Amino acid sequence: MLLRVRPFPSFPPLSTSFHRRRYSVSAQVTTASSPTTPPQPTTPLVKTALFIPPGVAEEDVSMEMVLPGSNIVLGPYAGDAKVKSVEFVKSSAKAKDCPRDPIRRPEFAVLGRSNVGKSSLINSLVRKKDVALTSKKPGKTQLINHFLINKSWYLVDLPGYGFAHAPRSAKTDWSAFTKGYFLNRDSLVSALLLIDSSVPPQQIDLDCANWLGRNNIGFTFVFTKCDKVRATKGKRSDDNLKKFQDMISNYYKEPPPWIMTSSVTGLGRDDLLLHMSQLRNYWDQEDI
């Protein structure tokens with residue numbers, strides 16, 4: 001089902017000042033200069049609404065601070081983003097069974113529609129082929145899987161949603177315990193909501209984003225498969241990405257962060273880790 005511009009589900013536009021308990025965001029929207037008008041030196045060359053992290057004044061933002069293929073400004077909390085070690089910790093069938101870390105190491109939850117490339121992205125981030133199992137059968141991941149990165153923070157692989165061939169009861173159970181995870185993890189820094197850029201915008205993805213927003217859970221849109229070209233019409237994946245962004249801008253007062261990635265080419269991998277590092281480091285400071 002394609003995303004409908006109008007009508008939209010009956011809830012008001014959401015603010016993205018919802019990064020759970022730990023940080024807030026602000027945004028700036030400027031219009032592109034006309035071809036005949038040179039840009040003013042005091043105005044950042046910004047053509048899209050930006051995610052401005054803590055520690056950055058809006059008036060100080062310039063395009064050099066924006067991560068490539070994203071709307072994310074890099075701020076002073078960005079730090080060491082290298083993945084040096086990864087360790088599988090636990091698979092949990094219920095949210096209440098997820099590991100309880102006595103030192104409350106921060107977590108990033110990875111979720112998205114089945115077959116969005118979730119396992120491939122996780123493997124790309126940690127640069128290991130089989131950390132998260134990939135499958136040609138969407139919907140295979142049915143557990144909450146915790147991976148400890150650098151012995152200091154977690155990547156959490158959540159079950160995919162929206163797999164058409166899964167039993168209705170299974171889809172309901174996955175949804176219930178995934179929501180239970182989000183509502184009960186005090187160590188959650190942010191969700192990484194994966195969006196397949198090789199297909200047109202999907203209503204189910206926007207429904208998921210709005211559920212996260214309504215429940216005050218911060219997230220980043222991670223566009224996957226950005227290396228692909230639609231064979232049928234020859235359109236690039238960024239056409240779909242732009243459509244999705246246009247939809248989002250109609251309903252959000254401030255922009256969620258977003259970034260383009262490809263597990264095939266490595267596009268966006270290092271920059272996504274930098275973004276995660278600044279969120280994580282700010283969370284760590286606020287948690288002291």
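Here is a quick tour of this structure, from the overall fold down to a handful of single residues. Keep in mind that you're looking at a predicted model. The protein has five helices and seven strands, and along the sequence they come in the pattern β-β-α-β-β-α-β-α-β-α-β-α. Of its 288 residues, 50% are buried.

- The seven strands form an open sheet with mixed pairing, in the order E1-E3-E4-E2-E5-E6-E7.
- At the edges you'll find strand E1 (86-92) and strand E7 (258-260), each of which pairs on one side only.
- On average, neighbouring strands in this sheet are turned by 25° against each other, if you ignore direction.
- Strand E2 (residues 107-112) and strand E4 (residues 153-157) run parallel and are joined by four bridges.
- If you want a spot to look at in that pair, phenylalanine 108 stands opposite leucine 155 in E4.

**Helices on the sheet**

- Helix H1 (residues 118-126) packs on the sheet and touches E1, E2, strand E3 (144-149), E4, strand E5 (188-196) and strand E6 (219-224).
- The direction of H1 makes about 160° with that of E4.
- Helix H3 (residues 203-214) lies across E2, E5 and E6, and runs at about 165° to E5.

**Where two helices meet**

- A packed pair of helices is described by the angle between their axes and the distance between the axes.
- For H1 and helix H5 (residues 269-286), the angle is about 80° and the axes are 10 Å apart.
- That angle falls in the range 65 to 115, so H1 and H5 are roughly perpendicular to each other.
- On the H1 side, the meeting residues are Leu121, Ser124 and Leu125, and on the H5 side they are Arg269, Leu272 and Leu273.
- Sorted by class, this contact of H1 with H5 has four nonpolar residues, one polar and one charged.

- A polar atom of the lysine 90 side chain lies 2.4 Å from the backbone oxygen of aspartate 97.
- Leaving out residues up to four places away in sequence, lysine 90 touches Asp97, Pro99, Ile144, Asn145 and His146.
- Lysine 90 and valine 156 are 66 residues apart in sequence, and their C-alpha atoms are 9.8 Å apart in space.
- Histidine 146 is in strand E3 and counts as buried because its relative accessibility is 0%.
- The side chain of histidine 146 makes a polar contact with the side chain of glutamate 107, at 3.3 Å.
- Beyond its neighbours within four places in sequence, histidine 146 is in contact with residues including Glu87, Phe88, Lys90, Tyr154, Leu155, Tyr181 and Arg185.

- Asparagine 71 sits in the segment before E1 and is buried, at 0% relative accessibility.
- The asparagine 71 side chain reaches two backbone atoms: the oxygen of alanine 49 at 3.2 Å and the nitrogen of tryptophan 258 at 2.7 Å.
- Serine 114 is in the loop between E2 and H1, and its 10% relative accessibility is why serine 114 counts as buried.
- Serine 114 and glycine 162 are 48 residues apart along the chain, yet 6.2 Å separates their C-alpha atoms.

**Two residues with positive phi**

- Most residues other than glycine have a negative phi, which makes the next two worth a glance.
- Arginine 127, in the loop between H1 and E3, has a phi near 55°.
- Arginine 127 counts as exposed, at 62% relative accessibility.
- Lysine 151 also has a positive phi, near 55°, and lies in the loop between E3 and E4.
- With a relative accessible area of 57%, lysine 151 is exposed.

Note on methods:
Residues numbered from 1 in each chain as written. Predicted model: local features only at pLDDT ≥ 70, side-chain atom pairs only at ≥ 80, totals over all residues. Heavy atoms only, no water. Pairing = 2+ DSSP bridges. Axes fitted to C-alpha atoms, helices over the stretch in contact; angles between N-to-C directions. Contact = heavy atoms within 4.5 Å. Buried < 20%, exposed > 50% of the residue type's maximum accessible area, 1.4 Å probe, protein only. Polar contact = N/O pair within 3.5 Å; in protein donor to acceptor, adjacent residues only side chain to side chain. Parallel < 35°, antiparallel > 145°, perpendicular 65-115°, else oblique. Nonpolar A, V, L, I, M, F, W, Y, C, P; charged D, E, K, R; others polar.
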